[in-house]
Amino acid sequence: ASTGHRATEALASEAAADLLAALKRASQSRQGSTAQLAAFSCLAQLLGTLCDRCDAERTPAVYRTFVYALVESESSSVRDFAVRHLMDFLKEREGVPVGILVELMLKKFQLASGEPLTAIDIDLLLVIVRHPRCTVRHAEPIAQVLARVSVEDPDVGRAASLPLLAVLHRFAEDEEIGAFFERLVQLSLTRLIQRGAPKAQAAQINELFAKAVCLPRPRLRASARALLEEVCKAYLSSFEALHPNLQALLELWPAAEAEVRAWAEA
């Protein structure tokens with residue numbers, strides 16, 4: 001009986017693997033989007049059902065299949081459909097590990113460096129950084145991607161600042177995020193005083209800076225103020241008047257503005 005039971009389990013396991021392989025192939029089908037959408041719909045339904053049953057044996061394989069199929073999808077409409085299913089799934093399931101999803105997404109962004117981050121990518125990243133299983137180890141590389149987009153992309157930069165600010169708010173006390181924030185501030189201030197910097201980019205950076213220092217995180221605010229004062233004093237050592245972009249940021253701290261002015265006049 002025991003041997004027969006093991007044989008039945010082996011057959012069931014093999015059949016499940018065959019099913020997932022077939023759905024994975026269908027999700028990349030060259031015969032049009034209908035088969036791809038159907039495959040992702042089946043995977044999403046299967047994933048939800050197994051989670052409802054607390055099936056710890058089969059759920060991870062289905063989840064991995066879904067994530068890999070999503071990352072490899074080349075159709076934007078199919079990918080959007082799959083991402084929306086995945087976001088709903090992550091919002092409902094606090095115990096789902098997000099590490100594999102973060103790793104594969106970041107790898108894709110690095111390989112497709114010329115391909116811009118889309119609005120739905122940003123929506124998914126926001127869901128990930130708010131997820132209970134997201135740790136600073138996941139959040140810091142996500143923040144790096146989002147920072148670049150927030151500063152450089154005129155189309156989705158403002159949208160990308162939302163998950164970036166969520167990372168800063170949630171992990172402000174972690175050393176990795178503290179160090180990342182300092183680098184972000186230094187980069188932003190450098191961009192602001194570069195000759196010929198586009199006005200739209202300067203406005204985007206000023207907005208991001210203002211939002212970041214208005215977060216209820218004293219450590220970030222103190223760090224930004226110290227770095228800003230340092231750059232302002234260095235600038236006034238070479239020029240008679242402060243750069244307008246630096247002046248705009250300094251006004252966020254009236255006391256710091258007075259301190260810098262007094263230092264310049266001394």
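**Entry: Cys 54**

I looked up Cys 54 and found it exposed, because its relative accessibility is 67%. My cut-offs: buried means under 20% relative accessible area, exposed over 50%, and partly exposed in between, with a 1.4 Å probe and protein chains only. Cys 54 sits in the loop between helix H2 (33-52) and H3. Although Cys 54 is not a glycine, its phi is positive, at about 55°.

I also noted where the values come from. This is a predicted model, where local features need pLDDT of at least 70, side-chain atom pairs count only at pLDDT 80 or more, and totals for chains, interfaces and linings use all residues. Residues are numbered from 1 along each chain as its sequence is written, and side-chain values use heavy atoms, with hydrogens and water left out. Helices (H or I, at least four residues) and strands (E, at least two) are DSSP runs, numbered from the N terminus.

**Entry: Ser 73**

Next I went to the loop between H3 and helix H4 (76-92), where Ser 73 is found. Is Ser 73 buried or exposed? Ser 73 is buried, since its relative accessible area is 5%. Setting aside neighbours within four places in sequence, I found Ser 73 in contact (heavy atoms within 4.5 Å) with Gln 28, Val 78, Arg 79 and Lys 108.

**Entry: H3 and H5**

I then compared helix H3 (residues 59-72) with helix H5 (residues 99-111): their axes come within 10 Å and cross at roughly 15°. Axes are lines fitted to C-alpha atoms, for helices over the stretch in contact, and angles run from 0 to 180 degrees between N-to-C directions. H3 and H5 are therefore roughly parallel to each other; angles under 35 degrees count as roughly parallel, over 145 as roughly antiparallel, 65 to 115 as roughly perpendicular and the rest as oblique.

Which residues meet here? From H3, I listed Tyr 63, Arg 64, Val 67, Tyr 68 and Val 71, which meet Ile 100, Leu 101, Leu 104 and Lys 108 in H5. By class, the residues of this contact are seven nonpolar, no polar and two charged. Here Ala, Val, Leu, Ile, Met, Phe, Trp, Tyr, Cys and Pro count as nonpolar, Asp, Glu, Lys and Arg as charged, and the others, Gly among them, as polar.

**Entry: the core**

I looked for the residues that touch the most other members of the largest nonpolar core, which has 87 residues: they are Tyr 63, Leu 86, Leu 90, Leu 101, Leu 124, Ile 128 and Leu 168. Such a core is a set of buried Ala, Val, Leu, Ile, Met, Phe, Trp, Tyr and Cys residues joined through side-chain atoms within 4.5 Å. Helix H7 (residues 136-152) gives the most to this core, with nine residues.

I followed up on Leu 124. Apart from neighbours within four places in sequence, Leu 124 is in contact with Val 83, Leu 86, Met 87, Leu 90, Leu 101 and Met 105.

Arg 137 is in helix H7, and I found Arg 137 exposed, with 63% relative accessible area. How far apart in space are Arg 137 and Ile 177? They are 9.6 Å apart, C-alpha to C-alpha, and 40 residues apart in sequence.

Glu 176 belongs to helix H9 (residues 175-192) and counts as partly exposed at 42% relative accessibility. Not counting residues up to four places away in sequence, Glu 176 touches Val 136 and Glu 140.
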